[in-house]
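Q: Let's go through this structure together. Start with the ground rules, please.

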Amino acid sequence: MRYSYEEMHALSINDPERFWAAEAEKLHWFKRWDKVLDDSRSPFFRWFSGGETNLCYNAVDRHALGPRGEKPAIIWESPETGGSRTITFRELYGLVNRCAAVLKSRGVKRGDRVLIYMPMVPEALVAVLACARIGAIHSVVFAGFSYESLADRINDSSPKLVICADGGVRKGKAIPLKQIVDRALAAAQVEVPHVIVLDRGLGKGWRTDRRRDLSWEEELERVGPAQVEPERMLSTDPSYILYTSGTTAKPKGVVRDTGGYMVALHASMWQIYGCGPDDIYWSTSDIGWVVGHSYIIYGPLLFGIPTVVFEGTPDSPNPGIWWEVVEKHKVTVIFSAPTAMRMLRKFPSQWIEEHDLSSLRHIFLAGEPLDEPTYHWAREALQKPIIDHYWQTESGWPMITNHMGLETLPVKPGSPTREAMGWHLEVVDERGEPLPAGTRGYLVARPPLPPGALMTIWGDDEKYLESYWTRFKQHGKLLYLTGDYAIKDEDGYFWLLGRADEVINVAGHRLGTREVEEVVSSHPQVAEVSAIGVADEVKGEALAVFVVLKKGVDESEGLRQEVIGLIREKIGAIAAPKILKIVPQLPKTRSGKVMRRVLRALCEERELGDISTIEDGASVEEIRRGLEAMGHKV
Ligand code: AMP
């Protein structure tokens with residue numbers, strides 16, 4: 001019998017223990033749990049307490065030693081280097097065992113941290129899985145972060161070992177990763193005894209410290225075809241630390257458990273992504289982000305299906321490269337971000353049309369609001385269902401989504417649909433009181449958080465409580481603060497309006513910056529837009545809007561006036577921007593999120609703060625010059 005979405009979701013909320021136990025049964029446990037949910041120390045929820053399992057065993061051994069052994073596990077495509085490689089589950093098993101043996105022989109023990117600073121290469125996945133195998137806590141840092149960011153993360157997690165590559169390549173430009181690691185280690189306050197370096201022939205002279213620096217290849221060679229027993233981890237043991245992207249405050253080390261995460265990801269693969277045993281899954285993200293952890297590494301592999309690992313960008317060597325990969329490997333599900341769609345939208349559709357995309361069933365997008373025009377463009381250009389879904393580094397997997405493996409609900413463009421299993425979300429006012437449908441407010445989750453959500457902040461339980469659990473209470477129960485502003489409509493669909501700290505107050509009127517962005521992006525000549533609130537002596541706050549035009553469209557006063565007219569017409573005169581600037585590009589983090597605090601600082605003529613996570617430093621200079629031309633001294 002097939003349950004409706006309503007029934008399934010109600011079960012997951014009313015009887016979470018029964019719901020999640022049924023999903024956990026599908027995976028391997030060395031020892032069964034004593035209790036599905038231990039909420040005795042709420043809001044520190046512990047899933048499958050007393051249970052013993054291993055993420056690597058479930059993601060690799062279970063398939064490698066069974067009938068799927070000869071099936072591909074990793075499909076690697078690197079337009080950046082011309083590389084292409086397929087690794088079966090059995091081969092992956094061999095590599096992970098060797099790497100685990102290396103880590104052990106270099107003194108890494110259960111509970112120790114290992115920092116991984118690698119580009120999108122198969123060895124990065126091998127390193128992550130090897131950590132999981134021996135119970136070491138991995139901390140993957142996006143291999144694009146500066147040495148300062150890396151040093152901060154080294155100080156915070158004090159790793160026993162660092163694994164990196166000599167270099168990476170981005171749009172043909174070599175990035176000297178090992179040099180960055182050297183600088184970070186010199187700047188860090190903790191000693192790291194060993195650095196293992198994957199030599200890709202991209203950075204000469206990477207061995208800068210004879211005692212500390214080891215070669216990946218030599219180390220794997222040294223241990224030979226080793227076998228390492230997977231550690232029996234408690235379900236409630238931490239599996240990794242991942243620092244939040246830092247669009248707003250100082251990055252926090254989100255800590256994930258073992259068993260709950262495994263169960264949630266495995267369930268999401270069929271419930272949300274609609275996958276079966278023959279799917280080929282491609283998340284275009286990076287292993288350095290939560291999407292990469294969950295859906296480049298663990299999700300597909302736990303489910304026993306191939307994961308595509310792509311080293312490159314959507315427009316290089318040409319804007320058809322993604323569709324070429326889909327055609328070549330018969331990819332069935334893509335998980336990407338709206339920012340990539342907006343980038344591809346700038347190019348003629350011929351780049352898509354010339355490829356056979358018949359294998360592809362769904363395209364999922366997450367990470368930022370999917371505005372309606374981009375949704376419609378993608379829907380039309382790709383002729384596939386486009387599924388917007390919402391989640392956070394903290395949640396580990398989607399919180400609001402449509403479910404392709406359960407009852408699929410009608411799409412409302414602009415809304416990521418309804419709550420995922422186990423997520424009980426609400427929109428509340430300043431005092432934590434639930435708001436009626438159609439009213440804007442703070443998006444919160446009622447406890448318990450489902451499996452897979454963060455356990456705490458690394459080394460800082462207080463910070464966990466303070467960041468997520470202190471603001472709202474309902475009937476004596478604390479509520480989890482997502483930090484987002486939203487509306488729930490009459491059909492139970494959620495509409496995200498931007499980060500709560502981006503809700504601005506113009507002369508007493510509350511405006512979500514997302515609403516303004518939505519209106520501006522509906523202009524046919526606009527490719528991208530970011531709206532922010534800036535301090536204003538008269539109104540308290542005022543709007544500043546930054547617009548990127550489509551390729552081939554020239555800036556003109558007429559166009560500026562059209563955009564302003566559109567905002568006035570659709571939202572009202574109160575939203576008429578104080579600053580409206582047409583810019584060549586927006587300052588973004590390397591995960592594709594607009595760095596609003598940088599835009600705000602530029603407008604308010606303040607210090608920019610740490611911008612080491614920025615994608616392209618030139619964007620800041622261009623905007624600075626533009627604002628100066630408008631009479632701002634910045
Ligand atoms: P991160 O933790 O870096 O993945 O960022 C999470 C934040 O991204 C969320 O709190 C939202 O503000 C935003 N976000 C993610 N997915 C969506 C989506 N589908 N629609 C709107 N905002 C989103």
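A: Helices and strands are DSSP runs, counted from the N terminus: a helix is H or I over at least four residues, a strand is E over at least two. This is a predicted model, where local features need pLDDT of at least 70 and side-chain atom pairs count only at pLDDT 80 or more, while totals for chains, interfaces and linings use all residues. Numbering starts from 1 along each chain as its sequence is written, and side-chain values use heavy atoms, without hydrogens or water.

Q: Why flag that?

A: Most residues other than glycine have a negative phi.

Q: Buried or exposed, Q383?

A: Exposed, at 58% relative accessibility. The cut-offs: buried is under 20% relative accessible area, exposed is over 50%, and partly exposed is in between, with a 1.4 Å probe and protein chains only.

Q: What about K330 and its phi?

A: Phi of K330 is near 55° as well, again positive in a residue other than glycine. K330 lies in the loop between helix 11 and strand 18 (333-336). K330 is exposed, with a relative accessible area of 55%.

Q: New topic. How many salt bridges does the structure hold?

A: There are 38. The rule takes a side-chain nitrogen of Lys or Arg within 4 Å of a carboxyl oxygen of Asp or Glu.

Q: What meets the side chain of E231?

A: R110 does, in a salt bridge of 3.3 Å, N to O. E231 lies in the loop between helix 8 (216-223) and strand 13 (233-234), and R110 in the loop between helix 4 (89-105) and strand 6 (113-117), so the pair ties together parts that are 121 residues apart in sequence.

Q: Which residues are linked in a network of salt bridges?

A: R342, E368, D371, E528 and K588. Within it, the side chains of R342 and E368 meet at 2.5 Å, N to O. R342 is in helix 12 (338-344), E368 in the loop between strand 19 (362-365) and helix 14 (372-382), 26 residues apart. R342 and E368 are both buried.

Q: Domains next. What does the assignment give?

A: Domain 1 (85-231), domain 2 (427-443 + 455-499) and domain 3 (503-629). The bounds come from an automatic or database domain assignment.

Q: How far apart do the centres of domain 2 and domain 3 lie?

A: Their C-alpha centres are 26 Å apart. Eight residues from domain 2 and seven residues from domain 3 are in contact, meaning heavy atoms within 4.5 Å.

Q: What area do domain 2 and domain 3 bury?

A: About 620 Å² between them, 40% of it on carbon and sulfur atoms. Buried area is the accessible area (1.4 Å probe) that two parts lose on being put together, summed over both. R440, Y485 and L497 supply 65% of what domain 2 buries against domain 3, more than any other three residues.

Q: What does R440 form with E515?

A: A salt bridge, with the closest N and O atoms 3.0 Å apart. Across the interface of domain 2 and domain 3, the rule finds one salt bridge.

Q: Which strand gives the most on the domain 2 side that touches domain 3?

A: Strand 29, with four residues. Strand 24 (440-445) and strand 29 (494-499) each supply at least two residues of that side.
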